[in-house]
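Please keep the sequence and the structure in view while reading.

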Amino acid sequence: MPRRRRTRYVTGELEELFTTRRPDSEPSVLDAGAGHGAEALWLAAHGWNVTVVDFSLAALDFGQRNAAQAGADVAERITLVEGDLGVWAPEPRAHDVVLCLYVHCAGDMAEMITRLASGVAPGGTLFMVAHQSVDPATGEPTRAAGQHQVSIDEAGAALRGDEWEIVTLENRRRDDQMGGVDAVVRAVRQP
């Protein structure tokens, strides 16, 4: 799926999500904290309309150049938005999938999760993966020590209630040479 190196479980879940969830209408993805948009290129090439949000103008410029090189049919499916996920909010209930991978945020993480989740359409999916700064099994710092990313506790608190079906809410040990633990969150907004 994406060209970027991912752990097998992230790549596998993304492939499942994007190859089995094909609404009849033009499918829409919000890639929050997308950087230069590696996932966006793949998604746009496979028929998805993608909104890429990142605070880095340099990353967005790089993504725009890559989209243009991929061809007009790909580039026209990608919308680039400069936004700080510490305060930015998507259009409510507008996207079939809201994707947020390995985003660092200085603000209130539960609030960010709630804001991003507001962009998920009924029947749509919120999918988040984040490095954990402390290994929950050992209590030892990981290579992500000092970073503030999504945790399963914050996601569980933000997504409680009847509006969400929690599909995945767990910490998973990384299976790559970097090691560490990732929080994996997958939730479906009830219709």
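## Charged pairs and the fold around them

At 45% relative accessibility, Arg 93 counts as partly exposed. The model in which this residue is examined is a predicted one. Glu 163 is likewise classed as partly exposed, and its side chain meets that of Arg 93 in a salt bridge, with 2.9 Å from N to O. Arg 93 belongs to the loop between E3 and E4, whereas Glu 163 belongs to the loop between H6 and E6, so the pair ties together parts that are 70 residues apart in sequence.

Glu 163 also forms a salt bridge with Arg 189. Because Glu 163 is in the loop between H6 and E6 and Arg 189 is in strand E7, this pair ties together parts that are 26 residues apart in sequence. Arg 189 is buried, with a relative accessible area of 4%.

Another salt bridge joins the side chains of Arg 115 and Glu 111. These two residues are four apart in helix H5, which means that about one helical turn separates them. Arg 115 counts as buried at 14% relative accessibility, while Glu 111 counts as partly exposed at 44%.

| Salt bridge | N to O distance |
|---|---|
| Arg 115 and Glu 111 | 3.8 Å |

Strands of a sheet pair through backbone hydrogen bonds, either parallel or antiparallel. Here, seven strands form an open sheet with mixed pairing, in the order E3-E2-E1-E4-E5-E7-E6. Strand E3 (78-82) and strand E6 (164-173) are the edge strands, each pairing on one side only. From one strand to the next, the twist averages 10°. E6 and strand E7 (residues 181-189) run antiparallel and are joined by nine bridges. Within this pairing, Thr 168 has Arg 186 in E7 as its bridge partner.

Helix H5 (residues 109-117) packs on the sheet, where it touches E1, E4, strand E5 (120-131), E6 and E7. The direction of H5 makes about 145° with that of E5. Helix H2 (residues 38-45) lies across strand E1 (28-32), strand E2 (49-54), E3 and strand E4 (95-101), and it runs at about 170° to E2.

The N-terminal end of H5 is capped by Asp 108, which has a side-chain oxygen 3.0 Å from the backbone nitrogen of Ala 110.

## The buried interior

Which residues of H5 are buried? They are Met 109, Met 112, Ile 113, Arg 115, Leu 116 and Ala 117. Their cover includes E1, E4, E5, helix H6 (152-158), E6 and E7.

The largest nonpolar core has 24 residues, of which Met 112, Leu 116, Leu 126, Met 128 and Val 150 touch the most other members. E1, E4, H5, E5 and E7 each supply at least two residues of this core, and the largest share, five residues, comes from H5. Leaving aside residues up to four places away in sequence, Val 150 touches several residues, among them Met 109, Met 112 and Ile 113, as well as Met 128, Ala 155 and Val 185. A second, separate core of 23 residues includes Leu 14, Phe 18, Val 52 and Leu 60.

Key. Residues numbered from 1 in each chain as written. Predicted model: local features only at pLDDT ≥ 70, side-chain atom pairs only at ≥ 80, totals over all residues. Heavy atoms only, no water. Pairing = 2+ DSSP bridges. Axes fitted to C-alpha atoms, helices over the stretch in contact; angles between N-to-C directions. Contact = heavy atoms within 4.5 Å. Buried < 20%, exposed > 50% of the residue type's maximum accessible area, 1.4 Å probe, protein only. Polar contact = N/O pair within 3.5 Å; in protein donor to acceptor, adjacent residues only side chain to side chain. Core = buried A, V, L, I, M, F, W, Y, C linked by side-chain atoms within 4.5 Å. Salt bridge = Lys/Arg side-chain N within 4 Å of Asp/Glu carboxyl O.
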